[in-house]
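Hi everyone, thanks for making time.

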Amino acid sequence: MKEHLKDFAKLGEQTKAVHAGEFPDPVTGASSPNLVMSTTFVVGADTGFSVEGMGEDDPFVYTRWGNPTIRQLEEKLAVLEDAETAVAFASGMSAATALLLHTLKAGDRAVISDVAYAAVAEATNELFPSLGVAITKVDTSDPEALEAAVKPGVKLVYIETPCNPLLRLTDIEAAAEIAHKAGACLAVDSTFATPIATKPLGFGADYVIHSLTKYIGGHGDALGGVLLGRAADLVPLRKRTSIRLGGTLSPFNAWLVMRGLATLPLRMKAHEENALKVARYLETNPQVKRVIYPGLPSHPQHDLAKRQMRNFSGMVSFQTAKGKETARHLAEKLRIIHYAVSLGHHRSLIFYLHTEELLDSSFKFATQRQLDSWKTFAGDGIFRLSVGLEDAEDLIADLEQALI
Ligand SMILES: *Cc1c(COP(=O)(O)O)cnc(C)c1O
């Protein structure tokens, strides 16, 4: 971690969220961070024209290379994740693909969670194999299956915990041990957990990925993504697959995400409290067949959740007997909860994911055991509910009148 950020390590999480990466403006004394929209910066005549020789702390040159507002967000994120450094991107997918392109080349093999964010699943079904990268999809929540798949020669193991949309967990410590024994790196998409619930680097992961669009931004108004990890990995990655490929975060979005991030610890407490109330209510609703929430003893991996998550987050999923029909009712009748994709916002969101459709488009299972695991969590289809920050009683009443 950079020298000037080290003092933050001793402070509480909410203090880090408010102050890390921020400082009063040295010229005007402005207390809140400036938004620097300039794409170019006035530099000295000895400034190089290629990013090749650029140092991490060199003066700003061009916003795709680095920008003061983006830098402030990256520093806040690195402090909260206990990471040496962070590289921000235009979206979570831009972060994920930059990582895959940096760590893999033709002839390499990667092991990817068989259920991951749909765009990660689809890119690793098609694009990466077309570039000559071999991909093995495996249920990473099953340590035996993971161990069998991660053979010497595998360069990257990519997991997501809890995974979208199943809320199935993967044991990060066990996955790190398996990956490292084979000489591979471990990357963890920790979007659902956030740094408030889980710090994957502390469990042995090499890279952490977040979609900033979700809990970290928290207000549904800015796309963004980030990669966190060791400087030795991310300094070259920034040049090769961020600056040169160009998936740069806009400074305005960096500013919005930073403003959202300042309240992340407080919001996550409230998301968890609300999600637990809503999940307990759903367990009593006769229309609901099954509720999945890592904070409920009925979650098949509740013990792992208690070990690995300091906060159970705000995502709840549930099944009903008449999935698609229920989806139509909810889309028509919900008054407070929005029937919409995405998650982690202050507003509650719900969306139905139909098993047959997803198995056609995104998730290709090679074994019966993989399919059985999907069915255990999702049955024929699953409602993904992102419990927001409204009053839990109002959310429960909204669900009660719409779940018919
Ligand atoms: C949304 C999401 C992503 C992709 O992030 P974008 O910002 O939409 O590109 C990746 N992983 C998970 C778990 C997500 O929920």
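Let's start with how two helices, H3 and H9, sit against each other. This is a predicted model, by the way. H3 covers residues 92-103 and H9 covers residues 231-243, and the two pack at an angle of about 100°. Angles of 65 to 115 degrees count as roughly perpendicular, so that's what we call H3 and H9. Their axes are 10 Å apart.

Who's touching whom here? On the H3 side you've got Ala98, Leu99, Leu101 and His102, and they meet Asp233, Pro236, Leu237, Arg240 and Thr241 in H9. Sort that contact by class and you get five nonpolar, two polar and two charged residues.

Okay, over to the ligand. Which residues are closest to the ligand? Those would be Met93, Asp189, Ser211, Thr213 and Lys214, out of 14 residues that surround it. By class, this shell has four nonpolar, seven polar and three charged residues.

Now zoom in on some oxygen atoms of the ligand. At Thr213, a side-chain N or O atom is 2.7 Å from a ligand oxygen. Ser211 also uses its side chain, with a polar atom 2.8 Å from an oxygen of the ligand. With Gly92 it's a polar backbone atom, 2.9 Å from a ligand oxygen. And how much of the ligand does the protein bury? Taken alone, the ligand exposes 380 Å², and 93% of that is buried by the protein.

Thr213 turns up again if you look at Leu223. That leucine is in the loop between strand S6 (207-211) and strand S7 (225-229). Skip the neighbours within four places in sequence, and Leu223 is in contact with Ala90, Thr213, Leu249 and Asn253.

As background, most residues other than glycine have a negative phi, and most peptide bonds are trans. Where do we find cis bonds in this model? One runs from Thr161 to Pro162, with omega near -15°. Another joins Asn164 and Pro165, with omega about 10°. Pro162 is in the loop between strand S4 (154-160) and helix H7 (172-181), and Pro165 is in the loop between S4 and H7 too.

Then there's Thr194, a residue other than glycine with a positive phi, near 65°. You'll find Thr194 in helix H8, residues 194-197.

That's my tour, so let's open it up for discussion.

Methods. Residues are numbered from 1 along each chain as its sequence is written. This is a predicted model: local features need pLDDT of at least 70, side-chain atom pairs count only at pLDDT 80 or more; totals for chains, interfaces and linings use all residues. Side-chain values use heavy atoms; hydrogens and water are left out. Axes are lines fitted to C-alpha atoms, for helices over the stretch in contact, and angles run from 0 to 180 degrees between N-to-C directions. Helices (H or I, at least four residues) and strands (E, at least two) are DSSP runs, numbered from the N terminus. Angles under 35 degrees count as roughly parallel, over 145 as roughly antiparallel, 65 to 115 as roughly perpendicular and the rest as oblique. Contact means heavy atoms within 4.5 Å. Ala, Val, Leu, Ile, Met, Phe, Trp, Tyr, Cys and Pro count as nonpolar, Asp, Glu, Lys and Arg as charged, and the others, Gly among them, as polar. A residue is near a molecule or strand if one of its heavy atoms lies within 4 Å of it. A polar contact is a pair of N or O atoms within 3.5 Å; within protein, one must be able to donate a hydrogen and the other to accept it, and residues adjacent in sequence count only if both atoms are side-chain atoms. Accessible areas come from the Shrake-Rupley method with a 1.4 Å probe; for residues, only the protein chains shown count as cover.
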